[in-house]
Amino acid sequence: MASARAFLIWTAIGLAVVLPLILAASSEYLAWRDPIYVVAGFAGILALCITPLQPLLVRAWPPGLRLPAGRRLHRAMGTLLVAAVVVHVAGLWVTSPPDVIDALLLRSPTPFSLWGVSAMWAVFTAAILAGFRRRLSPKAWRISHMGLVAIVVVGGAVHALLIEGTMEPVSKIALCALAICMALAGFIAPWLRAGRRTTK
């Protein structure tokens with residue numbers, strides 16, 4: 001019974017991440033895009049798909065996942081997230097440098113650019129900060145990391161929702177909602193655990 005439950009949970013997690021990519025791959029918009037633009041777009045979708053996984057992994061919530069392994073996967077997924085964002089931005093740069101420059105200088109007329117750039121810098125800052133984690137107090141690390149994660153998740157979700165592109169609308173909304181819910185659960189979990197300890 002427990003193994004069946006674990007299988008269903010892991011299957012649901014896999015579908016939540018993979019299904020938006022599969023549906024995006026069947027988009028009719030792809031017929032009109034250059035290969036580099038397609039790669040850049042899917043790198044962005046992959047980055048969005050990784051975000052709901054991160055709280056699950058770092059808390060080792062899926063059944064059968066131990067905390068050390070979960071945290072190793074969390075760091076690996078974080079590295080993949082940074083790489084996906086770099087490929088996303090580099091690909092857009094190759095296809096249209098003026099648009100990327102306008103976005104980076106916060107003068108793009110498209111509202112989704114501001115949200116995307118905010119999420120991008122938050123991802124990079126979080127990655128750099130992770131390299132200095134041992135020099136920070138646990139409280140400073142937790143507050144700074146959670147603040148940056150909030151910008152990444154909200155910025156990435158709004159960025160994706162405002163774009164009318166290859167992502168299928170329903171799966172995109174569901175993925176964004178899942179990413180926000182997982183981030184909130186990850187933020188709240190330590191306080192709930194601490195509250196239970198004090199009431200015992």
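**Exercise 1. Overall fold**

How many helices and how many strands does the protein have? State the order of the elements and compare the radius of gyration with the globule rule.

Solution. The model is a predicted one. Step one is the count: eight helices and zero strands. Read from the N terminus on, the order is α-α-α-α-α-α-α-α. The radius of gyration is 18 Å, close to the 16 Å given by the globule rule for 200 residues, so the protein is as compact as a globular protein of that length. Along the principal axes, the C-alpha atoms fill a box of roughly 60 × 45 × 25 Å.

**Exercise 2. Burial, contacts and charge**

Describe the surface of the protein, the sequence range of its contacts and the placing of its charged side chains.

Solution. Start with burial: 33% of the 200 residues are buried. Next, take the contacts with a separation of 6 or more: residues 24 or more positions apart account for 69% of them. Last, the charges: there are 18 positive and 6 negative side chains, and the centres of these two sets are 34 Å apart.

**Exercise 3. Met120**

Locate Met120, then decide whether Met120 is buried or exposed.

Solution. Met120 belongs to helix H6, which spans residues 111-131. The cut-off for buried is under 20% relative accessible area. Met120 has 7% relative accessibility and therefore counts as buried. With neighbours within four places in sequence left aside, Met120 is in contact with Val85, Val89 and Leu104. As a check on distance along the chain, Gly131 is 11 residues from Met120 in sequence, and the two C-alpha atoms are 17 Å apart.

**Exercise 4. The aromatic pair**

Which residues form the aromatic pair, and is the pair stacked or edge-to-face?

Solution. A pair of aromatic rings is described by two quantities, the distance of the centres and the angle of the planes. The structure holds one aromatic pair. Its members are Trp121 and Phe124, with 5.9 Å centre to centre and 80° between the planes. Planes over 60 degrees apart count as edge-to-face, so the pair of Trp121 and Phe124 is edge-to-face. Both residues lie in helix H6, three residues apart, which is about one turn of the helix. Trp121 itself is partly exposed, with a relative accessible area of 47%.

**Exercise 5. A loop serine**

Which residues is Ser27 in contact with, leaving aside its neighbours within four places in sequence?

Solution. First place the residue: Ser27 lies in the loop between helix H1 (2-25) and helix H2 (35-50). Its relative accessible area is 14%, so Ser27 is buried. Beyond the neighbours within four places in sequence, the contacts of Ser27 are with Gly165 and Thr166.

Conventions: Residues numbered from 1 in each chain as written. Predicted model: local features only at pLDDT ≥ 70, side-chain atom pairs only at ≥ 80, totals over all residues. Heavy atoms only, no water. Helix = DSSP H or I, 4+ residues; strand = E, 2+ residues; numbered from the N terminus. Rg over C-alpha atoms; globule rule 2.2 N^0.38 Å. Buried < 20%, exposed > 50% of the residue type's maximum accessible area, 1.4 Å probe, protein only. Contact = heavy atoms within 4.5 Å. Lys, Arg positive; Asp, Glu negative; His and termini not counted. Charge placed at Lys NZ, Arg CZ, Asp CG, Glu CD. Phe/Tyr/Trp six-rings, centres within 6.5 Å; stacked < 30°, edge-to-face > 60°.
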